[in-house]
Amino acid sequence: MGGISVRGVTQTFGASDDARRVTALEDTTLEIPSGELMCLIGPSGCGKSSLLDIIAGLAKPAAGSVTIDGEPVRGPLPKRVSFVFQENALFPWLTVEENVLAALAFQGVPKAERRARADEAIAAVGLDAFRAHHPRQLSGGMKQRAQLARALSLQTEILLMDEPFAALDEQTRLLLGEDLSVLLARTHKTIVFVTHSLVEAVFLADRVAVFTARPGRIKTVLNVDEPHPRTRSFMTSAKLAGLRNELYDLLHDEVRKTMETGAVA
Amino acid sequence: MQVACIVAFFAAWQVGSSTGYLDPLIVPPLSAIAVALTALLGGGALWPDAGVTLFELAIAFALAAGAGLTAGFIISRSALAVRVFDPLLAGLYAIPTILLFPSYLLFFGIGPPSKIALGATMAFFPIVLATIAGFAHVAPLRLRAARSMGASAPQLFWYVLLPEAFPVVLAGLRMGLILGFLAVLGGETLTSNAGLGHQIVTAAESLDPPKMFAYIVVAVVLAVALNGLTSYAEQRARTSAA
């Protein structure tokens, strides 16, 4: 369960008579089968995050449609889709545990079940010792693990990750990627992961969708044929390096176009 | 260092006025003020007037807080309303509210209601502006996160909007309380029939500077106490919210 089908999705921002109106995403079609980890990569402003919002039902597309297991998405689907954002999406006035419990309350989980589900999710990301800490007491990497715990506790079949590790230093980011790969190999979730990091995309993804400069369209989809969980040996392999280079060639001209037209996210 | 300055200032005051360098009708010796203050506190004459002033402040603050919080929250819910009303209210805030006092006297008479109206007007602006600022600038990412997890409108309010806005709103309430107190006192000194401000003016007009300064001391102590209490509350809220 959790197959996502994106058909001809276009997204625009601004009124139709506004000179500043932009088309972020144009006629995008993408099939993400159940249990697959798909990375979206592309220049800033190509509509990757907009696509996540549309899949999650947080935004309506200007044209096209998204279905999950054949059902059209018409609004937020907290029981089926959960989100991991960039930093600061945790509630700073709540502890790690309270953040997870709040998420379960939002999703409508009965009070009696919340504690057990929070415990399980916090243990899965290895934050047992920090459950009573506030986000400001945690490192950047721990904060993202706490966010992941919050999303995992919701037990959705689909996980959307919007540049979750973008604010972290590269070493932390790569190690969290390894942890994520191990964790997700066990859960068989469908995952859509937006990133700007070529290495991260190749390391994590079953397939990588490469977007063009704005208006974003899918330029190509790259297959990464490697079993999960992925480990350090894959990180340092010639195979990963080769795919990374291929990805760089695909993205190079698109990123330059974005730089030269001054488009921003 | 600050303490030394204050001590030096009061020492100069005492020496100056007791030796006749300073006109005791304008600057009475500290010792005379102390005597007047003791008489005031002991004689029970202080309490009815202090009561009137604090009563006026309490009503004025309650009105300003009720109106300011409600209006601020409603305005904060629409980006358009914020763009329209935020500069408008900030502009009105800059107009000296005291200019309204003559008309308040006309509408409400010289008793407490005119002082309440002035205090409420003065306290309203910092409260409404802080409420708008607090609720309109909640981190969009956290709202998006809560919505994606299925938060209902009441859950959004209690879990996200309120904790996020609370420290800013509280700072506005504190400012409102202090300004309200200043307005009530100011109003009383202009035209009134009771209250600390009224007594300050009456003492001055009856050429009794020690008594006037004694009332001023009481007013200053009250202002400092209000400020201290509300600062403490704000500090508590900030540390528990951060």
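Which residues in α1(A) are buried? Keep that in mind while we walk through the model together.

1. **Ground rules.** This is a predicted model, in which local features need pLDDT of at least 70, side-chain atom pairs count only at pLDDT 80 or more, and totals for chains, interfaces and linings use all residues. Residues are numbered from 1 along each chain as its sequence is written, while chains are lettered from A and ligands numbered from 1 in the order in which they are written.

2. **The opening question.** The buried residues in α1(A) are Lys48(A), Ser49(A), Ser50(A), Leu51(A), Leu52(A), Ile54(A), Ile55(A) and Ala56(A). A residue is buried if 20 or more other C-beta atoms lie within 10 Å of its own, exposed if 12 or fewer, and partly exposed in between, with C-beta atoms placed from the backbone. Helix α1 of chain A covers residues 48–56 and is mostly covered, since eight of its nine residues are buried. Just after α1(A) comes Gly57(A), with a positive phi of about 80 degrees.

3. **Chain A as a whole.** Chain A holds eight helices and ten strands. Helices (H or I, at least four residues) and strands (E, at least two) are DSSP runs, numbered from the N terminus. A compact globule of 265 residues would have a radius of gyration near 18 Å, and chain A agrees with its 18 Å. That radius is taken over C-alpha atoms, and the globule rule is 2.2 Å times the number of residues to the power 0.38. The C-alpha trace of chain A spans about 50 × 45 × 35 Å along its principal axes, and 44% of the 265 residues count as buried.

4. **Contacts along chain A.** Two residues are in contact if their C-beta atoms, placed from the backbone, lie within 7 Å. Among contacts in chain A with a separation of 6 or more, 71% are between residues 24 or more positions apart.

5. **A closer look at Val224(A).** Where does Val224(A) lie? Find it in the loop between β10 (218–223) and α7 (232–235) of chain A. Val224(A) counts as buried because it has 20 C-beta neighbours inside 10 Å. Leaving aside residues up to four places away in sequence, Val224(A) touches Val202(A), Ala205(A), Asp206(A), Arg207(A), Val208(A) and Leu243(A). Its C-alpha atom is separated by 9.5 Å from that of Ala201(A), 23 residues apart along the chain.

6. **Where the chains meet.** In chain A, 20 residues are in contact with 17 residues of chain B. On the chain A side, β6 (81–84) and α2 (96–107) each supply at least two residues. The most comes from α2(A), with five residues. By class, the side of chain A that touches chain B has 15 nonpolar residues, four polar and one charged. Here Ala, Val, Leu, Ile, Met, Phe, Trp, Tyr, Cys and Pro count as nonpolar, Asp, Glu, Lys and Arg as charged, and the others, Gly among them, as polar.

7. **Chain B as a whole.** Chain B has ten helices and zero strands. A compact globule of 242 residues would have a radius of gyration near 18 Å, but the value for chain B is 22 Å. Its C-alpha trace spans about 75 × 45 × 30 Å along the principal axes. Of the 242 residues in chain B, 38% count as buried.

8. **One helix pair in chain B.** The axes of α4 (residues 79–94) and α6 (residues 112–136) of chain B come within 10 Å and cross at roughly 150 degrees. Axes are lines fitted to C-alpha atoms, for helices over the stretch in contact, and angles run from 0 to 180 degrees between N-to-C directions. The helices α4(B) and α6(B) are therefore roughly antiparallel to each other (angles under 35 degrees count as roughly parallel, over 145 as roughly antiparallel, 65 to 115 as roughly perpendicular and the rest as oblique). In α4(B), the residues that meet α6(B) include Val82(B), Leu89(B) and Tyr93(B). Their partners in α6(B) include Phe125(B) and Ile132(B). The contact of α4(B) with α6(B) divides into ten nonpolar residues, no polar and one charged.

9. **A second pair to compare.** Helices α7 (residues 140–148) and α8 (residues 153–190) of chain B have axes that come within 11 Å and cross at roughly 150 degrees. That makes α7(B) roughly antiparallel to α8(B). Arg142(B), Leu143(B) and Ala146(B) in α7(B) meet Leu156(B), Tyr159(B) and Val160(B) in α8(B).
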